[in-house]
Amino acid sequence: MIDTSATRTTSIKRRRKATVLAIDRADAARVEANQQLDESRRSEMGQFMTPAPIANFMASLFRPTTRDVRLLDAGAGVGSLAAAYVAAACCWKRKPKSIKATCYEVDPIMLAHLRKTMRACFQSCEANGIRFVGQIVERDFVEAGSQLLDRGLFGGDGPQFTAAILNPPYRKINSASRERELLRWAGIETSNLYTAFVALAVKLLEATGELVAITPRSFCNGPYFKPFRRLLLGETALQQVHVFESRNRAFSDDEVLQENVIFHAIRGATRGSVTLSTSSAPGAEVSKRVVPHEVVVMPSDPEAFIHLAVTEADSQVAERMRRLPCSLTGLGLHVSTGRVVDFRAREFLCNDPGPATVPLIYPTHFNGGYVAWPKLGGRKANAIADEDRTQSLMVPNETYVLTKRFTAKEERRRVVAVVYDPSRLPKDIERVGIENHVNYYHANGAGLSKVLARGLAAFLNSSLVDQFFRQFNGHTQVNAGDLRSLSYPSSKALLAMGRKMGRTFPEQAALDKIVDDALD
């Protein structure tokens, strides 16, 4: 007599063993390929391969389906993501009839491992009764994807994938490059390969097709990514966005300093709720909160910034900022970027001030809430020649609020603001130069009142602004557009803050109390 229960248990064990075969093979290949790759080549190509815990989490976001799956993995590397999708599908209660994985890859080292991963995927699917075809396309995805879209426009194949899973390369695209030309032909305007890959994948998905990608967080607010945000948010509905609490946890084996996010979107779906999730590291416990889509992308925001308030505390910060009554223009203020680009104006720069120069303000002159000028003996110039050819680079010597455009990773606050007070500088100065790494607040080109300037600087330096800013800014760059997008207190509240600021700004806790008291 045959023990059917024992036979069934053995069969289940075999299927489970076959299911993990592909992902285990891919992760071993990732480690081996990392050792084989030349560091300069990896940097040039922007290659950061996906660890198994990340790949498995990404695959878990797809909805189970019994239909035939046509999967896109662009920039496939060793095949970690396709393998993770196969492993997930093999564990679904109702499995797909077939999976055709189309993997784009051009690196010879990756290709050798990718072929082995595809064979492991075939074995996993075969053990679970799923037909599998692994198609490896040894072509640049930007070129190939653009051509696929071109054929679709003229009655060819058109959108052909039901799912896409991506860890695209991170590299800037030259504006005069062949890649940029191809993307424009496809109706895609972007300056980085990662957004190019995602945009092409979105356009190649059929209606209700799903996309899961891990990318830098910079697309959420960067000014150069605005066309991409409009494409992504116009063509798809976000379902989930996952944020890692530490910027280097997603790719701990690599020196990836940008914050990364994982997002799940469905093409053509109705916008509803979005799940915002976070974890301390890959494989760690995930916390989630579900919010309306308009909390993530405010319908009235012309920049289409993506806000990620992943915790309840984040939500309270966002709600408090949204209640602030004024826009920057409503206060009669503007913010611009400093006009002096030092490498272009090098012939006019002076290390030490002289009789025929005016002050030139860099971030190095920020100190204690005010501009401290000059800073002699440093690496940066302190002055710019005052002559006819430099007049357009200068602004009147009046009171402004300045912020750093770039902050160091270890800096406590993302937004660092100071007051430029002309009374702290030598007398008889008519003009001042502001360097291009500095943003400056002004009143239609003129200066601000000193009390208002001190209050505005206090508000910008508050923990409230810092915590809110980090919800949509995943890097260390602070653009003028980011500052324009903020809501601001009333002029009455800013003046109340300004009256509490002394010769130096107080410590953070005391400053936050001044801001909180004025806002209550």
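Phe-305, Phe-468, Phe-469 and Phe-472 come together as one aromatic cluster. That's in a predicted model, where local features need pLDDT of at least 70, side-chain atom pairs count only at pLDDT 80 or more, and totals for chains, interfaces and linings use all residues. Residues are numbered from 1 along each chain as its sequence is written, and side-chain values use heavy atoms, with hydrogens and water left out. Here's the rundown, by topic.

**Aromatics**

- Across the whole structure, the search turns up 16 aromatic pairs; rings of Phe, Tyr and Trp (its six-membered ring) pair if their centres lie within 6.5 Å, with planes under 30 degrees apart called stacked, over 60 edge-to-face and the rest tilted.
- One of them is Phe-219 with Phe-228, an edge-to-face pair at 5.6 Å centre to centre and 85° between the planes.
- Phe-219 is buried at 4% relative accessible area, and Phe-228 is buried too, at 3%; buried means under 20% relative accessible area, exposed over 50%, and partly exposed in between (1.4 Å probe, protein chains only).

- Nine strands make up an open sheet with mixed pairing, ordered 3-2-1-4-5-7-6-8-9; two strands pair if DSSP finds at least two bridges between them.
- Strand 3 and strand 9 (287–292) sit at the edges with a single partner strand each, so one side of each has no neighbour in the sheet.
- From one strand to the next, the twist averages 15°; axes are lines fitted to C-alpha atoms, for helices over the stretch in contact, and angles run from 0 to 180 degrees between N-to-C directions.
- Helix 8 (residues 193–204) packs on the sheet and touches strand 1, strand 4 (161–166), strand 5, strand 6 (236–244) and strand 7 (260–267); contact means heavy atoms within 4.5 Å.
- The direction of helix 8 makes about 165° with that of strand 5.
- Strand 8 (residues 273–279) pairs with strand 9 in the antiparallel sense over six bridges, and Ser-277 stands opposite Lys-288 in strand 9.
- On the numbering: helices (H or I, at least four residues) and strands (E, at least two) are DSSP runs, numbered from the N terminus.

**Salt bridges**

- The count is 24 salt bridges, each needing a side-chain nitrogen of Lys or Arg within 4 Å of a carboxyl oxygen of Asp or Glu.
- Glu-210 and Arg-63 form a salt bridge, their closest N and O atoms 3.5 Å apart.
- Glu-210 is in strand 5 (residues 205–216) and Arg-63 in the loop between helix 3 (52–60) and strand 1 (68–74), so this pair ties together parts 147 residues apart in sequence.
- Glu-210 is buried at 7% relative accessible area, whereas Arg-63 is partly exposed at 41%.
- Glu-138 and Arg-115 form another salt bridge, 3.0 Å from N to O.
- Glu-138 is in the loop between strand 3 (131–137) and helix 6 (141–153) and Arg-115 in helix 5 (residues 108–127), so the pair ties together parts 23 residues apart in sequence.
- Arg-115 is partly exposed, at 36% relative accessibility.
- Arg-431 and Glu-430 form a salt bridge at 3.2 Å, N to O; Arg-431 is partly exposed at 23%, while Glu-430 is exposed at 58%.
- Salt bridges with shared partners link Arg-67, Arg-70 and Glu-206 into one network.

**Cysteines**

- The whole-structure search finds zero disulfides, a disulfide being a pair of cysteine sulfur atoms within 2.5 Å.
- Cys-121 is in no disulfide, and its nearest cysteine sulfur, that of Cys-125, is 6.6 Å away.
- Cys-121 is buried at 0% relative accessible area, whereas Cys-350 is partly exposed at 22%.
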